[in-house]
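Please open the model in your viewer and keep the selection tool at hand.

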Amino acid sequence: MDAALQKQLIEAVANTVIAHAEELTTLDQAIGDGDHGLNMKRGFEAVLSDIDGLSAKPLPDALKAIGTQLVMKVGGASGPLYGTFFMTLGKTLPPDPTAEDVARAFELALEATRARGKSEAGQKTLLDVLTPVLDELRQGDGNSGADLPARLKARALAAAETTVPMKAVRGRASFLGDRSIGHMDPGARSSSLMIAAACDVLEG
Ligand code: ADP
Ligand code: MG
């Protein structure tokens, strides 16, 4: 992947997280401890502080470095989970991935994240966005050609909405039991924002 596109992707993902920090915090105030926005903002500010270094690295190395930063800087439950996701993507993606490589790496990253969280889709977490996005990725470019980014983005944003009626069974929100119902999961929202931002760049 060329360094300019890689830079655009990293900046877009980081900037969207930072721009939505307050929204993520509000979501986490409803069913958690209200730190998700700040946690994520801190992590992606650290990523942006080394944007030139990260853009110059081969894509797999950049992803591993981002994962390491997220583990170190985000904290909470989501830091190790997102860190695992990005590090596994970095370990499994080739430097110039095809759509199929991306689907395979995404699948392995999702598996590693599930193992780390001892969780699965349907429990009102970020997995409820990443899992349907993998589904969409597996369907590939298909007949519909270049509209894959648009479909991934729509799927991710809609998937975050599906967490509203779910009852949390993992993470801090699970302490609320039935009272977690009726709120969007903060991690699902942050995942959907990151995927949407990356897709906007790929579409453009
Ligand atoms: P904390 O819950 O420690 O305060 P954050 O607020 O940063 O951490 O992140 C909360 C988000 O992390 C949740 O909204 C959920 O999406 C995700 N999460 C928490 N625990 C798990 C888990 N075991 N598996 C998957 N995702 C989880
Ligand atoms: Mg929290």
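A residue is called buried when its relative accessible area is under 20%, exposed when that area is over 50%, and partly exposed in between, with a 1.4 Å probe and protein chains only. This is a predicted model, in which local features need pLDDT of at least 70 and side-chain atom pairs count only at pLDDT 80 or more, while totals for chains, interfaces and linings use all residues. Residues are numbered from 1 along each chain as its sequence is written, and side-chain values use heavy atoms, without hydrogens and water.

Colour next by secondary structure, where helices (H or I, at least four residues) and strands (E, at least two) are DSSP runs numbered from the N terminus; the protein chain has 10 helices and zero strands.

Now select residues 186-203, which form helix 10. Its 18 residues reach 26 Å from the first C-alpha to the last, close to the 26 Å expected at 1.5 Å a residue, where the expected span is 1.5 Å times one less than the number of residues. How many of the 18 residues of helix 10 are buried? The helix is mostly covered, with 15 of them buried.

Finally, show the side chain of Asp 185 at the start of helix 10, where one of its oxygens comes to within 3.2 Å of the backbone nitrogen of Gly 187.

Terms used:
Chains lettered and ligands numbered in written order. Polar contact = N/O pair within 3.5 Å; in protein donor to acceptor, adjacent residues only side chain to side chain.
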